[in-house]
Amino acid sequence: MQNANSCKKPMGRLPKVAIWVVSIIVVVVLAAFVFQKQIFTFMATKIIQQRLLSQTYKKDDGLYAGLAGTGAPFADINRVGPCIVVEAGNNLYIIDGGPGSARNIGLMGFDIGKVNAILLTHFHSDHIADLGEMMLQRWAGGSNAKPVDVIGPKGVETVVEGFNHAYSLDAGYRVAFHGAAAVPPSGAGGRARPFGLSSEEDASIVVVYKEGVKITAFKVNHYPAYPAVGYRVDYKGRSLVISGDTVPCQSLKKQAQGVDVLFHEAQQPALIKMIHDQAGLSSSPSLAKITADIPGYHTSPENAAKIANETNVKQLVLYHILPPIPPVFNHMFLGDAAKYYKGPITVGVDGLLISLPVNSKDIIFHQTVVLRGIL
Ligand SMILES: [Zn+2]
Ligand SMILES: [Zn+2]
């Protein structure tokens with residue numbers, strides 16, 4: 001009997017607790033249903049405020065590099081096409097416009113309406129596909145009355161002319177709808193600013209020199225994509241180099257000597273070979289051919305590490321990641337890179353912001369956008 005009584009007490013309390021829990025849940029659900037409009041309005045207002053605040057956030061003086069796109073032509077859940085945003089003082093530049101990168105620029109909190117110029121490394125589609133969106137957002141986002149300068153090696157005129165033509169109808173619709181004050185017709189599109197390079201293998205030219213920001217274009221080797229360039233950015237004693245697409249080349253080594261951060265493209269041949277082998281087995285001849293070809297005009301992580309070591313850079317960041325890999329495979333992607341460079345190596349992902357404050361040797365990393373694929 002005692003056993004039976006002792007079992008009854010908790011059995012008696014349980015329904016009471018359950019009734020209370022269920023009642024509270026019902027009240028919360030009912031309240032959420034009745035006040036859903038107010039709740040979602042509150043949440044939406046907070047998100048809008050956060051977005052607007054991030055665009056007006058005043059950073060300390062320094063050189064900033066935002067990885068708006070760290071991928072390559074293959075689809076990658078963590079990476080859109082190559083694009084690096086460079087901010088220094090009140091000046092904002094975009095290096096390359098890979099597909100999807102214009103949206104990441106906004107997500108990262110950069111104000112694309114304030115972009116001074118877009119610089120292209122070469123004209124492969126994975127580096128130019130978002131140029132139209134960038135020119136549009138820079139125009140409409142800042143009510144700019146002058147087209148944005150698009151700086152690049154010879155051939156940039158053809159690319160800009162094509163995008164201007166393709167977006168001309170869209171521009172007309174927007175002026176008709178929003179009015180010339182909001183979107184001045186004269187500011188639509190881009191203005192090509194081609195530069196020439198001498199015939200020397202290590203030829204370079206300063207293409208931007210403004211308020212302490214110096215950007216130097218230099219030849220790289222991405223044949224048959226010719227001319228192709230990388231860019232070096234200097235600002236108040238801080239510096240970085242962006243390789244563009246290239247095999248290892250002397251001109252990049254010359255420009256990268258001692259810089260704070262080297263952003264180097266990287267392709268792991270061992271992983272590309274795995275794709276090539278599987279493509280062969282699954283009867284995908286075009287993929288098999290492409291994966292057989294591409295090691296010939298890119299740089300392996302090991303070779304990028306050797307370059308970082310030879311040039312004594314402070315930090316190596318790999319981007320233009322080929323093949324697309326989730327972070328859990330980073331060690332396979334890097335291969336033996338750590339053998340050749342003892343400094344820090346980062347496998348880039350979209351949303352990474354790197355700060356180089358002036359009067360400092362600090363290199364600060366901040367992930368501004370959450371990865372879409374966890375593994
Ligand atoms: Zn390329
Ligand atoms: Zn590329």
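Student: Which way do α5 and α6 cross, left-handed or right-handed?
Tutor: The crossing of α5 and α6 is right-handed. A crossing gets that label if the near helix is turned clockwise from the far one by less than a right angle, and left-handed if anticlockwise. This is a predicted model, where local features need pLDDT of at least 70, side-chain atom pairs count only at pLDDT 80 or more, and totals for chains, interfaces and linings use all residues. Residues are numbered from 1 along each chain as its sequence is written, while chains are lettered from A and ligands numbered from 1 in the order in which they are written.

Student: And what are α5 and the other labels based on?
Tutor: Helices (H or I, at least four residues) and strands (E, at least two) are DSSP runs, numbered from the N terminus.

Student: OK, what angle do α5 and α6 pack at?
Tutor: About 65 degrees, with the axes of α5 (residues 131-142) and α6 9 Å apart. That makes α5 roughly perpendicular to α6. Here 65 to 115 degrees counts as roughly perpendicular, under 35 as roughly parallel, over 145 as roughly antiparallel and the rest as oblique. Axes are lines fitted to C-alpha atoms, for helices over the stretch in contact, and angles run from 0 to 180 degrees between N-to-C directions.

Student: Which residues meet there?
Tutor: From α5 you have Leu131, Gly132 and Met135, and they meet Val159, Phe163 and Ala166 of α6. Contact means that C-beta atoms, placed from the backbone, lie within 7 Å.

Student: What does α6 lie across?
Tutor: Helix α6 (residues 156-166) lies across β5 and β6, and runs at about 170 degrees to β6. Those two strands, β5 (residues 148-153) and β6, run parallel and are joined by 6 bridges. For example, aspartate 149 has arginine 191 in β6 as its bridge partner. Two strands count as paired if DSSP finds at least two bridges between them.

Student: So what sheet are they part of?
Tutor: An open one of 8 strands with mixed pairing, in the order β6-β5-β4-β3-β2-β1-β14-β15. At its edges are β6 (190-195) and β15 (364-367), each pairing on one side only. Neighbouring strands are turned by 20 degrees against each other on average, direction ignored.

Student: Is aspartate 96 buried or exposed?
Tutor: Aspartate 96 counts as buried because it has 30 C-beta neighbours inside 10 Å. The cut-offs are 20 or more other C-beta atoms within 10 Å for buried, 12 or fewer for exposed, and partly exposed in between, with C-beta atoms placed from the backbone.

Student: Switching topic: what order do the strands take in the sheet of 7?
Tutor: β7-β8-β9-β10-β11-β12-β13, in an open sheet with mixed pairing. β7 (204-210) and β13 (345-347) each have a single partner strand, so one side of each has no neighbour in the sheet. The twist averages 20 degrees from one strand to the next.

Student: Which helix packs on that sheet?
Tutor: Helix α11 (residues 301-311), which touches β11 (261-267), β12 (315-322) and β13, with its direction at about 160 degrees to that of β11. Among the buried residues of α11 are Pro301, Ala304 and Ile307.

Student: How are β11 and β12 paired?
Tutor: In the parallel sense, over 7 bridges. Glutamate 265 stands opposite tyrosine 319 in β12. β12 also runs parallel to β13, with 3 bridges joining them. As for burial, 7 of the 8 residues in β12 are buried.

Student: Where are the cis peptide bonds?
Tutor: One runs from tyrosine 223 to proline 224, with omega near 10 degrees. Another joins leucine 322 and proline 323, with omega about -5 degrees. Proline 224 sits in the loop between β8 and β9 (228-235), and proline 323 in the loop between β12 and α12.

How values were computed: Contact = placed C-beta atoms within 7 Å.
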